[in-house]
Protein chains: 2
Amino acid sequence: MIGSGVYPMEKITSRSNEKIKYASALLSASKRRECGEFLLEGARLCSDAAQSGVEIVRAFFTADALSRYGEYISVISAVCKECCEIDSGISGRLSDTENTQGVFCVCKMRDASAVPLKKGGRYLMLENVQDPSNTGAIFRTCEALGIDALILSGGCDIYNPKALRAAMGSSLRMDVIFAADPVSYIESNSGSAVFLACVPSADARDITQALKDCGERATVCVLGNEGAGLTGEVISACGERVTIPMKGRAESLNVSVAAAIAAWESVK
Amino acid sequence: MIGSGVYPMEKITSRSNEKIKYASALLSASKRRECGEFLLEGARLCSDAAQSGVEIVRAFFTADALSRYGEYISVISAVCKECCEIDSGISGRLSDTENTQGVFCVCKMRDASAVPLKKGGRYLMLENVQDPSNTGAIFRTCEALGIDALILSGGCDIYNPKALRAAMGSSLRMDVIFAADPVSYIESNSGSAVFLACVPSADARDITQALKDCGERATVCVLGNEGAGLTGEVISACGERVTIPMKGRAESLNVSVAAAIAAWESVK
């Protein structure tokens, strides 16, 4: 059995075990913020995290997972000192999915220190994107297209279980910059990058042309909340309002689609 | 009260009423195909359908909906001869959502007769896209960007409740072509349009360049299933394999993101 290198491991049979209670509590955003740790689920995703240098504090596997996902579990156990086998009945307390694979890792959040914006860099910034599936999908797209980093302002939670799943590991590999106050972030970085506020307004400038005119300067396309869009303060702080021209009767693009087109135009 | 013009209407209090049983049965794909009708949910979506010329056979509203969504309901009742008030307890039988608005319409499916591909037209074709949320999202994006029609092969169900919600009305307004056999559709239309098979392969041609070379000819970007991609038969039938160049470690784009970029490049 491929995963056999991980034995012997502690066996946990009680749902009220302290380690299980702690891991389960990390499904709440406030607990994650308080502890600086998060819970990751899924054989592939946990193995990706291990390979991406994410610090794994503790791992849990069901007996079924040990026999099914031995290859992934070997990768996880190579970097994680504390591996526990859990009863399958406990999975439900830790899982956010309908059909869990029975593989979970408690991980340390990434260092949130600011990455400096580099010359010619291509960035996206999200203000208050609410739906974790959108945040995750945007990471996946941005990594695939080659965006240099994502800048996130308050409200975008990359450690939400749905966001982690939709990102398929991208949010654990890509550079991330956390900007608690987006306006002051934009103001203090306007010297090194052009900030383009993406809005669904016919009178804003065509995004393709605006990006072309930025030449070698770093660019940051800034996208807002699903319902409310960008705040007026962030639009004012940006150098320019840009738009993806629309033709049909649909009123707007989903934010993850708008982000995909902005990312694509940025890197082309 | 704005919706008052719709009175008097039949009141339905029993969950086993024949009209309710029929409407509820339309939540199944096989029943929809058998009857050629589908169930639409939501005040805005049903009102959009009424304004788009969708034939509404019968409408159901809860008392709560009548007081909240009078403006939308006026639009619906203007084109629907049979409006029924239903007990709020019945909503659950008809609803596919967690928090229903209590507005439902039984509608006739659209005429599936083939629209001819026009010179300079820009089209997308989907082969076996499985996730109804993806199908719906692709409609929304394609309408917004100005794609002329979507061509669907077997497996893409636009009348699934999730697909209808994600499309936000676009699938009831845009031209749709149903191609039961995608290979024969491609072969019989290759004279009037260039078919480009979108694949995640580094050795395929850059989609931007390929579309540019099509000039005034109609173009059809063909996208495949979420997991399996396009079938070999469809790839062979297409004139060319094209790709969206990827740079990061992410292995692929979500199909709705790939469709968005293909649509964007097609109409630019």
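Biologist: In β4(A), which residue is the bridge partner of A:Glu10?

Modeller: The bridge partner of A:Glu10 in β4(A) is A:Cys84. Before going further, please note that this is a predicted model, in which local features need pLDDT of at least 70, side-chain atom pairs count only at pLDDT 80 or more, and totals for chains, interfaces and linings use all residues. Residues are numbered from 1 along each chain as its sequence is written, while chains are lettered from A and ligands numbered from 1 in the order in which they are written.

The names of the elements follow DSSP runs, numbered from the N terminus: helices are H or I with at least four residues, and strands are E with at least two. Two strands pair if DSSP finds at least two bridges between them. Strand β4 (residues 83-86) of chain A runs parallel to strand β1 (residues 10-12) of chain A, and three bridges join them. Strand β3 (residues 56-62) of chain A is also parallel to β4(A), with four bridges between the two. On that side A:Thr62 stands opposite A:Ile86 of β4(A).

Chain A also holds an open sheet of seven strands with parallel pairing, in the order β8-β7-β6-β11-β9-β12-β10. Its edge strands are β8 (175-179) and β10 (205-206) of chain A, each of which pairs on one side only. At the β8 end, β7(A) and β8(A) pair in the parallel sense over five bridges, and A:Ser153 has A:Ala179 as its bridge partner in β8(A). Helix α13 (residues 255-267) of chain A lies across β6, β9 (193-198) and β11 (218-223) of chain A and runs at about 170° to β11(A). For such angles, axes are lines fitted to C-alpha atoms, for helices over the stretch in contact, and the angle between N-to-C directions runs from 0 to 180 degrees.

Several loop residues of chain A deserve attention. A:Asp148 is found in the loop between α7 and β7 (149-153) of chain A. A residue is buried if 20 or more other C-beta atoms, placed from the backbone, lie within 10 Å of its own, exposed if 12 or fewer do, and partly exposed in between. A:Asp148 is buried, since 20 other C-beta atoms lie within 10 Å. Two residues are in contact if their C-beta atoms, placed from the backbone, lie within 7 Å. Leaving aside residues up to four places away in sequence, A:Asp148 touches A:Lys118, A:Gly121, A:Arg122, A:Tyr123 and A:Asp175. The C-alpha atoms of A:Asp148 and A:Arg122 are separated by 5.6 Å, although these residues are 26 residues apart along the chain.

A:Asn128 sits in the loop between β6 (122-126) and α7 (132-145) of chain A. Its phi is near 55°, a positive value in a residue other than glycine, and A:Asn128 is buried, with 20 other C-beta atoms within 10 Å. A:Met168, in the loop between α8 (161-167) and α9 (170-173) of chain A, has a phi near 50°, again positive in a residue other than glycine. A:Met168 is buried, with 22 other C-beta atoms within 10 Å.

Of the 268 residues of chain A, 50% count as buried. Among contacts in chain A with a separation of 6 or more, 83% join residues 24 or more positions apart. For the model, ipTM is 0.89 and pTM is 0.91.

Finally, chain A meets chain B: 21 residues of chain B are in contact with 21 residues of chain A. On the side of chain B that touches chain A, α7 (132-145), α9 (170-173) and α13 (255-267) of chain B each supply at least two residues, and α7(B) gives the most, with six. The residues of that side comprise eleven nonpolar, five polar and five charged; Ala, Val, Leu, Ile, Met, Phe, Trp, Tyr, Cys and Pro count as nonpolar, Asp, Glu, Lys and Arg as charged, and the others, Gly among them, as polar.
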